[in-house]
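Here is a friendly note on the pockets in your protein. Have the structure open as you read through the points below.

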Amino acid sequence: MTEARPEPLEIAWRNASNSEAAAAVFLHELSGHHVWTILRQPPGFGDAAPEYNLMQLKRNADGEVFVPIFTHPTHVTISIPSPAQLAKVSMRNLLVAGRDQRYLVNPLSQSPFEMHAARVAQLRAFTAARHQEPDAPCPTAPWAFRLPDDALYPVAVALAQWFVANGRVDEAYLYELTRGDASEASVILGLNEPADKALADRLWAVAAQAGANGSTFAVRFLPDEPSHRVGVERLGLEPFYRRPRTM
């Protein structure tokens, strides 16, 4: 019986400490994966919500507190006392819950990989490049959703024409979003579709060609983005495009 080949994420992790370039390769791979972490209690509301429930450990060498991340459950070589439990989550959702905490990947192994502030920022950038929201609103940095500016009308027309020609999208929204104290609002194309990077890349190009600012225009997939869904609902925003129903 042949031995199973290591997965790309495992290979990237084992090489990550060789150089900053190798670390970037690992972070890019990690941004699109699910990982395992430890919850202090079964997930729920209040103290059991993910942002309060992540287990933190303290490193003996320097007393640094970190959130442990495991690329595979086989890297968890200790027993986890009840009610704590091992949980599988997307790296994106872990970033949203953990915000700017320090992370340590496979801390029980011979090659732990530290994710300090600069690497967390790099990971967030890779997540955003996948057209996934790398952050979430919080009481100290609330998000403001607004109706789109009339100047976006040509962009909306170009996108609607693409939807009609390609038959790929059922509902689409355009809105402006200011995150916390950001100085500039983003223009968001919200799609009522499962996440699809290739689709988002194509629609970003269509919008940019129609006059959207490529540096502030973003595509988000509403079924995977609770914060965006809530913002659209509270704004009472109607879709600018809805596929006609066929008889």
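1. The largest pocket has a volume of about 370 Å³. A pocket here is an open set of points on a 1 Å grid over the protein atoms alone, where a 1.4 Å probe fits, with protein on both sides within 12 Å along at least five of seven lines. The volume is the space filled by probe spheres set on the points, which are joined across faces, edges and corners.

2. Lining this pocket are 17 residues, and Ala 136, Pro 137, Trp 143, Pro 226 and Ser 227 are the closest to its centre. Lining residues have an atom within 4 Å of a point.

3. This is a predicted model, where local features need pLDDT of at least 70 and side-chain atom pairs count only at pLDDT 80 or more, while totals for chains, interfaces and linings use all residues. Residues are numbered from 1 along each chain as its sequence is written, and side-chain values use heavy atoms, without hydrogens and water.

4. Which element gives the largest share of the lining of the largest pocket? Helix 8 does, with six residues. Helix 4 (91-98), strand 7 (143-146) and helix 8 (226-235) each supply at least two. Helices (H or I, at least four residues) and strands (E, at least two) are DSSP runs, numbered from the N terminus.

5. The second largest pocket holds about 300 Å³ of space. Of its 13 lining residues, Pro 50, Glu 51, Asn 93, Val 96 and Ala 97 lie closest to the centre. Helix 4 gives the most to this lining, with four residues.
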